[in-house]
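Please keep the sequence and the structure in view while reading.

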Amino acid sequence: MAVDTQAPSRGFIGASYRTCPETGLKVCSQAEALIKVNAVVAVVFLAVGGFFGLMVALTRWPAVHLLPADWFYLLLTAHGADVLLFWVIFFEVAVLYFASAIILNCRLAAPKFAWLAFVLMVVGAVLANVAVLQGESSVMFTSYVPMQAAPHFYLGLIVFAVGTLIAVFCFFGTLVIAKEEGSYEGSVPLVTFGAITAAIIAVFTIASGAIILIPTFLWSIGYISHIDPLMYKVIWWGMGHASQQINVSAQVAIWYAVAAMLLGAKPLSEKVSRMAFLMYILFLQLASAHHLLVEPGVSSEWKIFNTSYALYLAVLGSMIHGMSIPGAMEAAQRRNGFNNGIFEWLRKAPWSNPAFSGTMLSIVIFGFLGGISGVVMGTEQLNLIMHNTLYVPGHFHATVVGGTTLAFMAVSYLLVPLIFRKEIMFKKIAQWQPYVFGAGVAGISLFMMGAGTLGVARRHWDMGFSDAAMSFDYPATAFLMMGLNGIAALCAALGGLMYVLVIVCSVFFGKARTPESIAAFPTLPKTGGAATVTTYGSEAHPKLPGTVVLVSVFFVAFVLYYYVNWKYLSEVWPLS
Amino acid sequence: MAIFPPQNRLWWKEPLSGIEITWIGVAFVWGLVMFGTMVGWHFVGKQNLSNETYRINPNAFGEKVEAMVERYQVREEGDTGIPVVHPAPGTDIYMLGRLWEWYPVLELEKDQKYRLHLSSMDWQHGFSLQPQNINLQVHPGYEMVLTITPDKSGEYAVVCNEFCGIGHHTMVGKIHVIDNK
């Protein structure tokens, strides 16, 4: 492909651009169109998968017990695939295109391939959904062998993964073009760096998925006689858990982006934030071990090294982001004039802006509920009292729903005016949406973790064990927890509905942004956006007492909760 | 701003602020402490999984289970027809998972050691001992061996907590722990 390197500002022949009236960035029209379609399809899968999730939660509410067993397991499988895989990955592809072509001010590489990627992803996702809804593939999202799904279930996932891989390579290609054409000076922005982290982990993830899903597909059509169940798990979780690290990287990049766009926040130090992302690339992949801690055939040494990400070095990365993002916000707010006391900067933050409130709730739910529970559950011995109980979905609803999904929702309130160039409709609903959704998700996570601590199994249709030859009564508190979980799920579903309503209506029926409305209601407030662009650089050694208090509270909660669980463990039967 | 390239092109030479250095130090040391706790529990803790596992043909495992049932059966569990075995303390005891039961019912003596062998005849199952809340994964083709010492008497349920098909919720087994006579 011939690139006109002599005149980089004109860009590649055939690429067309507009200039964003709010940021001054050059926007490649192909990138913009692809961001739109990927984001719209993502929201469709969120709506469908979220609805399935509500059905599941209502079935697990003992007093309601909505669905029969076969439908429960069918919709639970579909729920996992649609939200854990399709919603987040479609949205992440949109984020990758945004973090490359838009932020780096250049054209998207190979737009035809990017469209092919999109088509493959849609075909794969629809195929997998058809397989599940036909009823022959209720194998759960994890599809552990020797339980077998219909061949087109695996095929759908494989086609989807191929599409994703092509999209990731369009992202890498865009980075190369931006560098070649000199569309930016020096190093890539931190947000793009975070997106690169996500993309690198995505390649590893998809490779693991191909290594295990292709033989499993061949097994399902009879070409391979046996898949070892333990080997399947080791490699499948190389995809299953590593794909969650794509989410973490993308979501942390969004945290930085929203803090920058709304508050003008600069990272306290580029070096530290980038090192933290690098630690994700180097260590997060070891997390397959989190799913194998009570498995036969895996040694303690292997478990300890891998489950701790070497020496908790990926956890260190997350803890760094958990300090540096609030720190950057505090520094920016103090610079913006909110300098009284310890917490004026936080009190007077734009809490009525759903992009900001969603981001803050995402940070808090991810850190306090998701992060701490993840480390505890990923401790070799502590996993004994948690494995496959509801504690597990409690944990990952805090990370993937409270963390990733809420962050994606938050950034949507910026993408709609900036990329779709539409006014956000129903502003009051939008303003409340992150709170309603966040409260629901926090409830789901806490109540499921509570029920899990009391031993309630995950992926289980009836905690009353009807029709069982021998029975068991969980404590009454466990039933209470599952009732509260159902109520929290209704709250989260309402929050999800509010999001879909606001975003879909704004995108399809919203008023177009005009120069007047942009001047009256800028998406990026003057304190953020362009105002601080000229003074970019690492934050100069500010005093950040608020952040010190916040991370201290986090740390104390972490240490206490960690050792409380060791106490629980010490009370069960001795095993060796 | 994190959405623009660093203005200072030599950003990696900028000094770190005190709060960052302190937090990185605290977080790193905490990571070492957690790592050390896991390793240390193998020396001081009483709840550690053994690494003893064998590959086994499901039918061969089934035969071992039947041999134990024949030798040690004492009665049937209620009207379920499922045998209850009371193996001698200190011996090897077996429990197998299959669609959709845990077999057989074990009767153990309090504060005695047993070598528990677990495996599956078909799909994966989850051995979830309630209300202790001890959870182990059971694979077909792998025989996991661990030494257990029930230290409280009572009636315990073994719930299956790995999804194993439509009858998954009916898969409940039993372990009785009785006081020594």
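How many residue pairs are in polar contact across the interface of chain A and chain B?

## The interface of chain A and chain B

In this predicted model, the rule finds 40 residue pairs in polar contact across the interface of chain A and chain B, counting pairs in which both residues have pLDDT 80 or more. On the side of chain A that touches chain B, helix 17 of chain A, which spans residues 545-570, gives the most, with 12 residues. The residues of that side of chain A divide into 69 nonpolar, 31 polar and 17 charged.

The contact involves 117 residues from chain A and 87 residues from chain B. The size of an interface is often given as the accessible area lost when the parts come together. Between chain A and chain B the buried area is about 9,000 Å², and carbon and sulfur atoms give 68% of this area. Three salt bridges are found across the interface of chain A and chain B; separately, the side chains of E185(A) and R9(B) meet in a salt bridge, with a distance of 3.8 Å from N to O.

## The five-stranded sheet of chain B

Chain B contains an open sheet of five strands in the order 1-10-7-4-5, and the pairing within this sheet is mixed. Strand 1 (53-55) and strand 5 (101-103) of chain B stand at the edges, and because each has a single partner strand, one side of each is left without a neighbour in the sheet. Neighbouring strands of this sheet are turned by 20° against each other on average, direction ignored.

Within the sheet, strand 4 (residues 92-98) and strand 7 (residues 114-120) of chain B run parallel and are joined by six bridges; in strand 7 of chain B, S120(B) is the bridge partner of G97(B). Helix 2 of chain B (residues 58-72) packs on this sheet, where it touches strand 4, strand 5, strand 7 and strand 10 (142-148) of chain B, and the direction of helix 2 makes about 125° with that of strand 4 of chain B.

## The seven-stranded sheet of chain B

An open sheet of seven strands in chain B has the order 2-3-6-12-11-8-9, again with mixed pairing. The edge strands here are strand 2 (73-76) and strand 9 (134-138) of chain B, each of which pairs on one side only. On average, neighbouring strands of this sheet are turned by 25° against each other, direction ignored.

Strand 11 (residues 154-160) and strand 12 (residues 172-178) of chain B run antiparallel and are joined by six bridges, and Y156(B) has I175(B) as its bridge partner in strand 12 of chain B. Helix 2 of chain B packs on this sheet, touching strand 2, strand 3 (83-85) and strand 6 (105-109) of chain B, and its direction makes about 90° with that of strand 2 of chain B.

Methods. Residues are numbered from 1 along each chain as its sequence is written. Chains are lettered from A and ligands numbered from 1 in the order in which they are written. This is a predicted model: local features need pLDDT of at least 70, side-chain atom pairs count only at pLDDT 80 or more; totals for chains, interfaces and linings use all residues. Side-chain values use heavy atoms; hydrogens and water are left out. Two strands pair if DSSP finds at least two bridges between them. Helices (H or I, at least four residues) and strands (E, at least two) are DSSP runs, numbered from the N terminus. Axes are lines fitted to C-alpha atoms, for helices over the stretch in contact, and angles run from 0 to 180 degrees between N-to-C directions. Contact means heavy atoms within 4.5 Å. Buried area is the accessible area (1.4 Å probe) that two parts lose on being put together, summed over both. A salt bridge is a side-chain nitrogen of Lys or Arg within 4 Å of a carboxyl oxygen of Asp or Glu. A polar contact is a pair of N or O atoms within 3.5 Å; within protein, one must be able to donate a hydrogen and the other to accept it, and residues adjacent in sequence count only if both atoms are side-chain atoms. Ala, Val, Leu, Ile, Met, Phe, Trp, Tyr, Cys and Pro count as nonpolar, Asp, Glu, Lys and Arg as charged, and the others, Gly among them, as polar.
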